[in-house]
Amino acid sequence: MTEKFVAAIDQGTTSSRCIIFGHDGAIVAVDQREHRQIFPKPGWVEHDAAEIWSKVQAVVAGALDGAGLRADQLSALGITNQRETTVLWDRATGKPVHNAIVWQDTRTSALCHELGGEDGQDRFRDTTGLPLASYFSGPKAAWLLDEVPGLRLRAERGEIAFGTIDSWLIWNLTGGTDGGVHVTDVTNASRTMLMNLETLQWDPSILAAMRVPEAVLPEIRSSAEVYGTAVGRLAGVPVASALGDQQAAVFGQACYDTGTAKNTYGTGSFLLLNTGERPVPSKNGLITTLGYKIGSAAPVYCLEGSIAITGALVQWFRDQLGLIRSADEIEPLAASVDDNGGAYVVPAFSGLFAPYWRSDARGVITGLTGYVTKAHLARAVLEATSWQTREVVDAMYQDSGVRITTLKVDGGMTANNLLMQHQADVLGVPVIRPKVSETTCLGAAYAAGLATGVWSDLDELKAHWQRDADWSPQMAAEVREREYGNWRKAVERSFGWHEEAAR
């Protein structure tokens with residue numbers, strides 16, 4: 001039998017990757033390129049969407065060359081992407097009308113406050129599963145339509161296309177100005193704050209409230225179906241899946257059963273719990289979101305805890321403070337002391353996401369004494385990720401009644417054994433890392449392969465999942481709860497710093 005290969009493009013917050021997988025789910029080739037982070041003002045974060053498309057083309061070529069494969073040897077292509085990041089482009093020229101506004105960007109805080117009115121943050125939560133926050137795409141699109149001269153009129157005439165990064169890539173991959181397909185999948189659509197969770201369609205009342213014309217919107221499709229056929233270097237390859245990056249990791253981690261959960265540690269961290277075929281509303285600061293929808297099958301929903309800053313805190317410790325030269329230096333430095341010396345770092349650089357949703361919060365370091373060294377701070381930087389995850393897990397239990405018994409983990413920070421041990425300690429449950437750590441790309445590949453017959457069903461995919469390492473809790477319960485109490489006090493100190501967002 002001829003070997004079947006599936007490619008996946010992972011367009012993330014800091015880089016683009018293309019990974020080619022074999023039928024057994026093993027990696028055949030990888031190529032990766034970073035793109036610029038643009039910071040026009042404090043709290044503003046942008047990307048050049050044209051640069052991203054250029055990098056994606058480069059990594060596709062690099063992966064094919066690395067694998068020694070031709071496009072006609074690929075059975076399918078899947079897409080996974082940074083979510084919420086918002087692009088508006090001219091349908092006739094194919095050029096973005098403005099830099100993409102990135103998910104971390106806080107410029108729409110005041111607009112979200114205004115939209116909330118008397119109902120506040122929960123105005124659209126029953127319909128969308130989301131709190132009104134600068135995180136999501138709808139307000140970003142509304143801001144662009146208001147701020148770019150003449151854009152709203154052009155949008156209403158149908159000259160402008162809106163999309164999260166998946167839509168931008170699929171449109172370009174399938175021809176762009178020459179017949180490009182303008183679609184998104186349910187997982188990305190669910191992050192715009194414009195989609196109704198029950199109908200899986202754009203919600204007219206929310207579009208009216210945000211003044212986003214329906215003419216700009218892509219068609220909402222399932223996460224695994226053939227949207228179109230690629231042109232260029234991938235000519236003839238079916239473009240057959242799209243999943244927001246965290247939902248793709250759920251799929252790649254084989255979290256197909258109700259009650260299974262995964263946490264991905266990247267720029268931020270995102271913990272998703274599979275809640276089955278009905279959305280579970282959150283009363284504890286979580287997001288109700290689409291997990292995935294395979295073709296015509298029923299959609300699967302998740303509760304999500306979104307943490308804005310985890311891996312990015314290590315980058316800050318390296319680049320802004322200069323206390324380490326490379327990210328991998330933080331583990332031995334942190335391991336050189338027994339504890340955090342009483343110091344806690346709360347990385348509310350752009351406010352706090354789950355479970356607080358506080359745009360007015362800003363980062364703090366608390367508990368400093370003359371005893372604290374850079375090693376203690378290194379440990380506090382790592383522990384910030386564990387404690388933020390603990391807060392999300394507690395909220396999930398309160399919402400769903402489901403107690404997590406193990407946590408599957410993936411992402412770059414899982415290479416840090418000290419962090420993974422501390423994560424197990426503060427949760428009080430085992431933490432498990434899979435053999436294939438690139439679960440985001442793997443999930444996109446799996447979904448594309450299901451859509452094109454490379455794999456037959458979810459049971460076949462489950463059989464591919466293999467354990468690489470695990471960590472069991474070692475911390476005494478009384479220590480865990482004492483430290484957690486200190487962390488919660490530190491978080492409270494971060495509130496109320498940004499007065500405009502607090503109004």
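Reader: What do the assignments rest on?

Author: Residues are numbered from 1 along each chain as its sequence is written, and side-chain values use heavy atoms, with hydrogens and water left out. In this predicted model local features need pLDDT of at least 70 and side-chain atom pairs count only at pLDDT 80 or more, whereas totals for chains, interfaces and linings use all residues.

Reader: What makes Arg278 and Glu198 a salt bridge?

Author: A salt bridge requires a side-chain nitrogen of Lys or Arg within 4 Å of a carboxyl oxygen of Asp or Glu; the closest N and O atoms of Arg278 and Glu198 are 3.3 Å apart, so the pair meets that rule. Arg278 lies in the loop between strand E14 (269–276) and strand E15 (287–292), and Glu198 in the loop between helix H7 (186–189) and helix H8 (204–210), so the pair ties together parts that are 80 residues apart in sequence; helices (H or I, at least four residues) and strands (E, at least two) are DSSP runs numbered from the N terminus.

Reader: Why is Arg278 called exposed, and why is Glu198 called partly exposed?

Author: With a 1.4 Å probe and protein chains only, buried means under 20% relative accessible area, exposed over 50%, and partly exposed in between. Arg278 has 54% and is therefore exposed, while Glu198, with 48%, falls in the partly exposed range.

Reader: Why is the pair Tyr135 and Trp357 called stacked, and what makes Tyr446 and Trp455 edge-to-face?

Author: Rings of Phe, Tyr and Trp (its six-membered ring) pair if their centres lie within 6.5 Å, and planes under 30 degrees apart count as stacked, over 60 as edge-to-face and the rest as tilted. The centres of Tyr135 and Trp357 are 5.9 Å apart with planes at 25°, so this pair is stacked. For Tyr446 and Trp455 the centres are 5.1 Å apart and the planes at 85°, so that pair is edge-to-face.
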